[in-house]
Every structure is written in C-alpha cells, then in structure tokens.
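Hi everyone, thanks for coming.

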Amino acid sequence: MAPPAPILRMKGIGKQFPGVKALDGVDFRLLPGEVHALMGENGAGKSTLIKVLTGVYDIDSGEIELAGRPVAFPGPQAARQAGISTVYQEVNLCPNLSVTENVVIGREPRRLGRVRWKEARRRAAELLGRLDLHIDVSAPLSAYSPAVQQMVAIARALDVDARVLILDEPTSSLDKDEVAQLFRVMRRLKEQGIAILFVSHFLDQIYEIADRMTILRNGRLVGEYLTSELSQVDLVAKMIGRELADLERLEDRPPAREGAPLVEADGLGRSRAIEPFTLTIREGEVVGLAGLLGSGRTEIARLLFGADHAGTGSLRIGGEPVGLRTPRAAIRHRLAFCSENRREEGLVPDLTVRENIVLALQAARGWTRPIPRRRQDELVAKYVSALNIRPADPEQPVRNLSGGNQQKVLLARWLILEPRLLILDEPTRGIDIGAKAEIQRLVAELSGGGMAVLFISAELEEVLRLSHRVGVLRDRRLVAEIDNDERLTTGALMETIASGAAS
Amino acid sequence: MTAPAPAPASVPASVSPGRRLLGHRLFWPAVILVALLMINPVFTDGFFKVELKDGHLYGSLIDIVRFGAPLILVALGMTLVIATRGIDLSVGSVVAISGALACLRISDLGDQNSAGGVLAAAGVALALSVALGAWNGLLVAGVGVQPIIATLILMVAGRGLAQLITDGQIITVNSAPYKLIGGGYWLTLPFGIVIVLAVLALTAFLTRRLALGLLIESVGGNAEASRLAGIGARGVILTVYTFCALCAGIAGLMISSNVSSADGNNAGLWIELDAILAVVIGGTPLSGGRFSLGGTVLGALIIQTLTTTIYSIGVPPETTLLFKALVVTVVCLVQSPAFRAKVFHRRRRPAGASPVAEEKVRVSA
C-alpha cells in the first residue's frame with residue numbers, strides 16, 4: 001500500500017538569526033494519521049522549525065505546502081485558521097477562568113453580541129468528550145491537574161478544524177499515568193486522520209507513540225526514519241553526532257571518600273518550607289537529594305545558600321558558625337547555587353553570554369573593581385570551550401541560546417568563582433541527552449578536584465550515578481541519608497521515598 | 001561612551017555596512033534629530049551658522065545644546081533609574097529645591113560676588129539634593145515602595161519644600177560667579193555645556209569603565225536572578241536614585257543661575273516627563289535592563305530641538321502643545337522596532353502574503 005500524500009511538506013527551509021543559522025535547508029513532511037516525532041538536541045532547530053511552520057517566524061528560504069498548496073503564514077492566527085494548531089510546552093491558558101472559557105475564548109458562540117454560555121459549555125464538553133475527557137466544564141481550570149489542563153489546551157487547539165496538531169514537549173510536566181492518558185488521546189486523534197507533530201526529550205515516550213521521526217542536528221536535517229527501524233542507540237548517536245561511549249564511561253559508581261566536613265547544617269529549618277534537618281557535606285563529596293517534586297529538595301538548597309532565611313538551627317562552614325542572611329554572604333563563603341528555575345532565578349535574558357557568565361564574579365568584587373575586559377574574555381572563552389557552549393559567541397544575548405546552553409552559561413557563572421560547595425538544583429532538567437552527559441561528567445570531575453557538590457535531581461538514576469551519599473526527602477522532611485554503595489538501587493531509593501524510612 | 005555596541009559585534013561579517021548602520025540602536029534617534037534640524041533652515045536664515053564672537057561660540061545649534069543642558073542632565077540620571085526598572089518623578093521638585101536653596105544662601109551673603117560663598121551655597125544645595133535622592137532610594141530599596149509612588153511623594157512634597165525655602169517668593173540674586181553656571185562661558189563654550197560634558201563623562205566612566213552599568217542592567221533585567229548572583233541590589237538602587245537627584249540638583253543650579261532667580265513654583269516644572277520621554281526616545285525601555293547614555297543625550301536634544309523648531313517656524317502659541325504632542329507621538333512610533341517591523345515589513349512581502357488570504361477564505365468556507 002502506497003503511503004498517503006503528505007498533508008504538510010516543507011522544502012529547503014532556511015532561517016537565519018543574527019549570528020546563528022538556525023535552520024539550513026531542512027526538508028520535512030507530515031502524513032495524515034501519523035504521529036511524527038521531531039528529534040534533536042537543544043539548539044538543533046526543533047523549536048525554530050515549529051515556529052516557522054506556525055507563522056511565528058517567517059522563512060528566509062524554502063517553501064511550505066499544506067495539502068498541496070503553497071502557503072506562507074504571516075502569523076500564528078493564520079496558521080491556526082489553515083488548520084495547523086499548536087500546544088506549547090508551557091500551557092498558555094488562564095487558570096482562573098473556567099474550562100469552558102479557556103476552550104472557547106476568542107471564538108465564543110454569540111447571538112446579538114451576547115455570549116451564549118449554554119451553547120459554549122455544550123461545545124466545550126463535546127470537544128473534551130472527543131478526547132475522552134468528561135469533566136465539569138464550568139469549574140475553574142486551576143481545579144484540575146496539569147495533565148487535564150494539557151488536554152484542555154489540546155481541546156482548545158482542536159476547536160478549529162485542525163488537520164495538523166503540534167505538541168511541543170507536552171509531557172515534561174506530566175506523571176506516568178497522565179502521560180498514558182495523553183497518549184490515549186493522541187492515538188484517538190490519529191485515528192481521526194489528524195497528523196501529529198510531537199516533540200519530547202523522553203526517548204521511551206517517542207518509541208511508545210511515534211510512527212516516524214525526523215532528526216535535526218545543528219539546524220540541518222539528519223534524516224527521516226521509521227521508529228520501528230531505528231534503535232534507541234542509533235537515534236541518540238544521530239542526534240548528538242557521536243558515539244555513546246562518552247556516556248557509558250560514567251557508569252562506574254564514584255569511590256567513597258572521607259574529606260573534612262565543609263558544610264554542617266544542624267537543625268536548620270523554616271516553617272512551611274522544610275522541617276529542621278541535619279546534614280553534613282564533606283569536601284570533594286557529591287551529596288544527592290532525592291524526593292518527589294515539592295518534597296523540600298529546593299528548600300534545603302535555598303536555606304544553605306541564604307536565599308531564604310532559616311527559622312531554626314545553625315550552620316557551620318569549614319567548622320566556623322555562620323549566619324547566612326543573603327546569597328551575597330553565602331557567596332563570600334564560597335558557596336554557589338544554580339537554581340532549577342533558569343529563566344526566573346538564573347539568567348538575565350537581555351545581557352550577553354559574557355555578561356551573564358561574569359556577573360557573580362563582578363558582584364563579588366563590587367562595581368568599583370571592574371574585571372578587566374581582557375580577563376573577562378579569557379575567562380569566558382575558557383568556559384565556553386570547556387563546557388562546549390554553542391553558539392560560541394560570547395556577545396550573543398543569552399536569551400537566544402537553547403535551554404541546555406543557558407544551563408551551561410549558569411554553570412560557568414558559578415565555576416569561575418571556584419566555589420567550595422556547588423549546589424545544583426535540577427541542572428539537567430529539560431536539556432538534551434548530550435548536554436546532560438556533559439554536565440554529569442563535569443560534576444564527577446569537579447568533585448574529583450575537591451569541590452563539594454549538592455546534586456538535586458528528580459531522576460534517581462542520575463542521583464545514583466553521581467552521588468557518594470543520598471539524602472531522601474518526603475513531605476518536607478529529610479527522612480534518610482544513605483551511603484551510595486553497591487546495595488543501593490533506584491528501587492531501594494524509591495521505596496524509601498514512598499515509605500519514608502531507610503530499608 | 002555608549003554601550004559596548006553589542007549589535008555590530010553579534011552581526012556576522014557577511015552583513016553589509018549599510019544594514020549594520022540600520023541595525024544600530026542609535027540610528028533612528030539620530031535620523032529623527034537630523035530631520036528635525038533640517039526643517040529649521042527653511043524658516044531661519046543661517047541656522048547652521050556657528051560663529052566666534054568675543055571668544056564665545058554663538059549660533060542656533062549652540063543654543064539648542066545650551067538650553068537643553070538641564071534636560072540632558074536630568075535625563076542622564078533618569079536613564080540609570082529607569083534601567084533598574086524604576087522611575088523618578090521627583091526630579092522636577094529637586095530642581096526647584098536645589099535652585100531655591102542656592103539662591104537663598106547667596107542672597108544672605110554679605111558679598112554676593114564672593115566665589116567662596118557661591119561655591120558653598122551650591123555645595124549645600126547639591127548636598128540636600130543628594131539627601132533627597134537617598135530618601136527616594138531608601139523608600140524604594142529599603143522599604144520596598146513602588147518607585148512611582150515613592151517618588152510621587154517627593155514630587156508633591158518637594159514643591160512645598162521649595163516654597164518653604166523661598167518663603168513663597170521669587171528670590172532674585174545678583175551674583176556674577178553664580179551667573180557663570182547657567183549663563184557663562186568657559187573655553188569658548190557655554191559653561192552649561194561644559195558641565196553636561198563633564199557629567200556625561202563621569203556617568204559613562206562609572207557605568208561603562210567601572211562595572212556599575214553591568215550591575216544596573218542586571219538588576220533591571222532580572223532582580224531575583226541578580227540577588228541570587230550576589231548583587232547587592234539595594235546598594236545599586238540607592239546609588240542610582242541618589243545619582244539621579246544629584247543630576248537634578250545640578251540642573252536646578254543651572255536653571256536658576258540662568259535667570260538669576262529661584263521660583264519654587266515653576267522651576268523644573270514637568271521636566272520629569274520630558275526626561276522620561278528623552279530616555280524612551282533614546283531607546284532605553286521602561287521595563288528596565290539595557291540602557292543607552294548616548295541615546296538619552298540624543299533624545300534630550302530631539303526634545304530641545306523640537307521646542308526651538310516650534311518657535312522658529314512660528315506655530316501659534318495656543319497650538320504649541322498639541323503640535324509637540326503630535327511630533328512626539330510620531331517620534332516614538334518611528335523609534336519603536338515593533339512598529340517599524342509592522343509597517344515596513346508587511347509592505348516588503350505582499351507576494352508572500354496573498355496566497356494566505358486565499359487559503360483563509362477557502363478554509364473558513
């Protein structure tokens with residue numbers, strides 16, 4: 001049986017940003033009734049391709065055909081009307097409005113200028129029914145879980161007669177069951193002949209749902225493959241353009257070590273954030289923190305760094321009692337904290353890569369002692385190449401970089417301070433597998449060089465791979481501290497998280 | 001003097017010099033200024049003529065800079081405040097207070113022409129300005145009052161303070177040394193221009209040679225991230241409000257010296273709005289972050305040129321304000337990249353856009 005004609009075809013797409021060739025001669029096609037995964041590392045051009053397709057950006061070269069007709073969308077609205085609907089990673093809905101309002105907003109059924117709410121509710125319920133979702137559509141959106149909100153976003157996208165549905169990392173904030181629910185919906189839509197373009201960092205999910213995939217690397221097309229014909233190892237190799245040996249090297253667990261105590265927290269706590277906890281971090285030691293989202297992992301990091309005030313307890317650094325009232329004081333004691341919230345608590349988006357990297361060092365020196373420009377350039381060049389930050393142009397505004405590279409910029413900001421303790425809160429979340437491996441390797445190297453690291457991650461494998469000791473959190477309480485020896489497995493960790501006691 | 005020109009650095013070598021010029025952020029303010037200047041010779045003969053008389057430079061261009069000097073000063077301070085995502089509405093009042101206090105002290109002098117006495121008077125006036133700026137900074141950084149409210153307090157109260165100082169009267173002085181600040185000459189240049197150049201050089205030095213600029217842009221660009229990076233945001237904010245008031249204080253001396261009198265009611269009236277406008281025209285966004293000192297100077301010169309132009313082309317007095325508003329609107333629009341993209345971009349690709357229109361019709365049918 002011959003494959004059906006593509007509903008969407010993009011040919012030789014090129015897109016240039018100042019200093020960056022985001023897309024270079026990329027071909028892409030989408031068949032009706034398929035789930036097509038768009039794969040690539042951060043910065044490979046996935047987001048740009050989607051934005052070009054939905055009219056957010058215009059193209060410098062190439063052509064786009066929808067159902068055999070050449071099109072050029074001046075804006076997202078035009079793309080939607082032509083049948084290309086998009087659900088972005090961050091749900092663009094209003095949590096304070098009702099489900100109905102969220103679904104029909106902008107297209108409310110009206111009579112004589114008055115909104116017909118009954119009709120609107122009926123239509124919203126019907127659309128959600130198509131997704132097998134039967135909820136109270138007059139309740140506010142905030143009453144529902146992120147997964148349901150995601151479905152509502154999809155329902156909203158489908159309200160127009162969609163022929164192409166683009167899902168940009170829809171699963172990054174969903175748990176396992178919610179992902180399964182989303183996939184059920186995607187299969188249902190597929191049966192209705194809708195072409196789905198799916199972007200995700202989770203390879204298992206890709207293999208579960210996608211029929212076909214297109215791989216991009218550095219803005220160029222690597223190729224289009226049937227999912228059933230490409231193994232995961234080959235896929236990763238094609239995405240990062242090199243072999244997985246680099247990743248494998250870290251599989252050995254780090255040797256345990258006995259350094260001098262560097263940071264000793266005794267009964268440190270803050271009401272409504274984290275119960276008083278006692279934790280010692282030694283020089284050259286990687287301490288992992290494991291626990292569910294909201295279990296108090298970030299709160300521990302913020303207390304240690306002085307980002308929040310501790311209500312109780314005391315803190316000793318290098319044996320000396322200290323009271324850290326501000327991050328500034330913590331930095332003076334050579335602590336560093338890479339927040340999980342890159343955009344709000346890390347980057348200054350307007351500033352360049354160089355300025356973002358030297359920021360903490362400059363702040364520590366005070367404004368009257370500027371870092372000479374040549375020294376800045378040396379430092380920045382050193383870390384841009386050491387951390388493989390791309391594009392390697394220090395004068396780019398940092399907001400132009402992809403998530404993984406932004407993360408590396410933040411790492412560089414702290415590494416030039418040569419801290420004694422580096423606190424990393426979810427440093428690998430939302431970044432691609434290549435950058436992830438680089439950051440993991442870096443953590444191992446740093447601790448080998450004597451730096452203490454507090455490593456927070458939701459991925460237990462990652463915590464186990466890197467840590468000498470693991471602290472387990474549950475319900476805002478540090479419930480266990482476990483040495484990472486041969487007996488500790490992700491299973492045992494998960495059990496501790498679930499039961500709240502060391503097994 | 002301005003920012004270390006990020007635009008050219010990030011543009012690849014393949015881009016033509018013409019496009020690079022177009023992309024420079026001072027390009028449009030400069031075009032507007034030149035366009036405004038070009039209108040004048042039509043109505044005023046010898047508009048561009050600058051001549052040397054008695055060792056002093058004279059000419060319309062010199063006058064624009066000279067009369068614009070106080071505005072440039074106030075706008076320079078305002079630039080730094082706005083870059084931290086703040087705003088300072090009290091500069092007009094500080095202008096009035098500074099002028100009033102200086103004139104009061106001089107009028108109390110036995111010999112109004114004593115240079116020492118005048119210097120002391122100016123010093124006291126500037127010290128009070130600094131204190132007022134520190135008060136603003138404390139309210140914003142220490143107490144956490146929103147900048148527009150915090151400085152509104154002093155904007156209103158400051159006028160009262162100025163009138164208290166002058167006892168509700170207009171104080172006139174007859175002091176040659178004081179007259180020098182706003183009306184004198186030094187090395188052929190009006191002294192006001194010399195002061196502006198000095199303050200501009202100082203500001204550029206503090207922000208671009210030293211690292212104050214980076215910290216200001218960081219605090220304005222992302223306050224929480226800056227705090228976590230160890231920047232003492234309070235200190236930075238206190239510094240910029242203090243600096244802004246100092247600039248306003250100097251402008252106050254200049255204005256009162258120029259007319260040899262202090263008017264608590266009208267000195268520096270509405271100058272805060274002109275200053276904010278100058279900053280915005282110069283390309284510093286009100287949302288904080290990146291700022292451009294060169295842009296602000298251009299912006300202030302645009303406003304002063306506009307005022308001069310209105311007089312020279314003889315716009316009837318009753319329509320002056322309306323005319324000014326219209327021009328300012330146009331200037332702001334031309335200066336806005338978003339607006340330019342909307343207007344010029346659409347026109348450039350009519351061929352690409354038309355198939356979409358067909359598509360739309362077909363789909364909705």
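So, which strands of chain A does helix H16 lie across? H16 (residues 433–448) lies across S15, S19 (421–425) and S20 (452–456) of chain A, running at about 150° to S20(A). Helices here are DSSP runs of H or I with at least four residues, strands are runs of E with at least two, and both are numbered from the N terminus. Axes are lines fitted to C-alpha atoms, for helices over the stretch in contact, and angles run from 0 to 180 degrees between N-to-C directions. Contact means C-beta atoms, placed from the backbone, within 7 Å.

Quick housekeeping: this is a predicted model, where local features need pLDDT of at least 70, side-chain atom pairs count only at pLDDT 80 or more, and totals for chains, interfaces and linings use all residues. Residues are numbered from 1 along each chain as its sequence is written, while chains are lettered from A and ligands numbered from 1 in the order in which they are written.

Now the sheet. It's open, with six strands in the order S18-S19-S20-S15-S21-S22 (chain A) and mixed pairing; pairing takes at least two DSSP bridges between two strands. S18 (335–338) and S22 (477–483) of chain A are at the edges with a single partner strand each, so one side of each has no neighbour in the sheet. In the parallel pair S15(A) and S21(A), joined over four bridges, Ala290(A) sits opposite Val472(A).

Last stop, chain B: 40 residues of chain A are in contact with 34 of chain B. On chain A's side, H13(A) gives the largest share, six residues.

Technical notes
Two residues are in contact if their C-beta atoms, placed from the backbone, lie within 7 Å.
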